[in-house]
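Reader: I have a chain to go through. Can we look at the fold together?
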Amino acid sequence: MRLLNKIRVSALVCTLGFLPGAEAQTQADSDHIYFRQGSSVIDSSIGDNGRILESWSERFPGSDEFPEMPELRILLRGSACPDGSTATSERLAEERAAVLCGWLCEHTSIPRERITVTACGIDWQGLEELVIADTACPARAEVLHILQNTPEWICDARDRVIDGRKKQLMDLRGGIPYKYMAEKMFPALRNVAVVVSGEAATAASGERAPLAGSETPKSPPLHSGPEATDSGALVEAVAESAASDAGMPAAAAVAVSDAGMAVSAAEDAPQEPLHRLAVKTNLLYDAILMPSLEVECRIDDRWSVAVEGDVAWWKRDSAHKYYQISTILAEGRYWFHTKQPWHGHYVGLFAGGSWYDLENGARGYKGEFWTAGISYGYMFPIGRSWSFEAGLGVGFLRTRYEEYLPLDGHYVYQQTSRTNWLGPVKVKFALVYRLWDINRKGGRK
């Protein structure tokens, strides 16, 4: 058990970057439980989660072990990836560590007072280490420069957030490096590190010394900052043990460990809105008395789907004037990467149909048409939740209609005609209101 704990301490130091040249050591010896994106539910099917959880159940099957190991402590450190807002990431990191703590208390004999729970929110240091290790990362040198030199938040003179680390990563090279990291590295950051200390902390000296600050309340609160006394003492003991093994001064190891484990207690900075829905009206159609309404739903940063309806249902029977048309179109869109979702260029595929009755006191036309084609558009912001959109649709239109004449108070059928058209079939200059800000999920204080 002492040897196992010693290995685990070294793995923790390697994981958190406490030691220079730590990459020479394997991280496989350190237990990490991984989670799905946006989730704090333990899933044994992910990676080695099932094997690790089973090994913990077998390692501490009975409470009679613990009187023999009074100094044994467990540290759980939750973390998250940069996806989503800072507030959401911090909440997920805390929830993941708390959920694993509950699992250990339920499925093993480890007393709750032996477990310290902490969280780091977005694991920027872990991401930096992954980028250093991955030579295939696009624009790797630029990514590292941002991670190492750009503050998480950059504010103006009025203390408003105008830039930051995540924004610069998303803007870099059209978002290609960020997408690569999201696919290859972010899953590894959604975890809880499980570290055992106690016997390992005193193994180097050959005697059993109590941990500083080992008086742990029976129900300690969930810690998320450097003021967490239990986690601070625990990290100090872990760092001292690892430093002894590596020949590094203990004071230096403790200083580095404090910096690695500290979590900012500052309030979450304001987030740019990330809207899920957009509601639009085509001002050109509105101007010709054909009110329009479109709803578009954002699937991710690149894809969205939209449904548009236009209706004009005006008539004057006495004058034989009819302006009646009802149109519905569905469309899927691909957005080229820009600085913000909903802003920039897109191309789309659309299809739909219409019913109409058009007459101006003489010959009338009544029928329906269907159309399909491709669209191009550009949306630009005019406010925090407002945008303008301009677009054009080109495609094939096929219509079948009946021609009639108004005679002696009746409408006399003349003939049935068909027309095919290839060319512009829709034009748009729309006012857009964006809503459902997913960055507000969970609420801000």
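**Burial and overall make-up**

Reader: What share of the 445 residues in the protein chain is buried?
Author: Buried residues account for 44% of the 445 residues. Keep in mind that this is a predicted model.

Reader: Fine. How many helices and strands does the protein chain have?
Author: There are 12 helices and 14 strands in the protein chain.

Reader: And what part of the contacts with a separation of 6 or more is between residues 24 or more positions apart?
Author: Such pairs make up 64% of those contacts in the protein chain.

Reader: Now the open sheet of four strands. What is the order?
Author: The order is β1-β6-β2-β3, and the pairing is mixed. β1 (31–34) and β3 (115–122) are the edge strands, each pairing on one side only. On average, neighbouring strands of this sheet are turned by 20° against each other, direction ignored.

Reader: In which sense do β1 and β6 pair?
Author: Antiparallel, over four bridges, with β6 covering residues 191–197.

Reader: Which residue in β6 does I33 stand opposite?
Author: I33 has V192 of β6 opposite.

Reader: Which strands does helix α3 lie across?
Author: Helix α3, residues 86–107, lies across β1, β2 (73–80), β3 and β6.

Reader: At what angle does α3 run to β3?
Author: At about 155°.

Technical notes
Residues numbered from 1 in each chain as written. Predicted model: local features only at pLDDT ≥ 70, side-chain atom pairs only at ≥ 80, totals over all residues. Heavy atoms only, no water. Helix = DSSP H or I, 4+ residues; strand = E, 2+ residues; numbered from the N terminus. Buried < 20%, exposed > 50% of the residue type's maximum accessible area, 1.4 Å probe, protein only. Contact = heavy atoms within 4.5 Å. Pairing = 2+ DSSP bridges. Axes fitted to C-alpha atoms, helices over the stretch in contact; angles between N-to-C directions.
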